[in-house]
Amino acid sequence: LTRLLKDSFGGATKTTLVATVSPAKDSADETLSTLQYALRAKSILNAPTQNSQFFGTAVLKGISTEVDELARLLRLQRDKNGGILVPNDKYDDMVATSEARRREL
């Protein structure tokens with residue numbers, strides 16, 4: 001049962017466990033076992049974890065910054081004063097790819 005509930009016991013979730021017991025004498029062993037499990041489950045401690053959405057935002061910002069820097073370097077390379085010579089059709093393809101990635105972010 002603990003393995004089935006492991007996702008509910010971890011992270012920032014709140015979990016409620018209802019232990020159903022019986023006052024009948026013939027169910028004493030099962031009632032005792034249920035109460036022992038409930039006591040063990042109650043003593044489980046966990047550390048809350050931060051959602052990964054914030055990490056994703058930071059990654060997207062880093063990628064966006066990298067795309068901007070690469071576009072700046074590409075413009076410098078295409079400048080008259082230096083860099084490597086890239087054929088016009090290849091340059092247009094690289095600019096289009098850069099713009100597509102920027103819009104995707």
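Author: Start with exposure: buried means under 20% relative accessible area, exposed over 50%, partly exposed in between (1.4 Å probe, protein chains only). This is a predicted model, where local features need pLDDT of at least 70, side-chain atom pairs count only at pLDDT 80 or more, and totals for chains, interfaces and linings use all residues. Residues are numbered from 1 along each chain as its sequence is written, and side-chain values use heavy atoms, without hydrogens and water.

Reader: Is Val-59 buried, partly exposed or exposed, and why?

Author: Val-59 counts as partly exposed because its relative accessibility is 37%. Val-59 sits in helix α3 (residues 53-78). Helices are DSSP runs (H or I, at least four residues), numbered from the N terminus.

Reader: How many helices and strands does the protein chain have?

Author: The protein chain has 4 helices and 0 strands. Of its 105 residues, 10% are buried.

Reader: How do I read a pocket?

Author: Rolling a probe the size of a water molecule over the atoms shows where empty space is left. On a 1 Å grid over the protein atoms alone, a pocket is an open set of points where a 1.4 Å probe fits, with protein on both sides within 12 Å along at least five of seven lines; lining residues have an atom within 4 Å of a point. Here, the largest pocket has a volume of about 250 Å³.

Reader: Which elements give two or more residues to the lining of the largest pocket?

Author: They are α3 and α4 (88-104). α3 gives the most, with 6 residues. The lining includes Ile-63, Glu-66, Met-94 and Arg-101.

Note on methods: Grid points are joined across faces, edges and corners, and a volume is the space filled by probe spheres set on the points.
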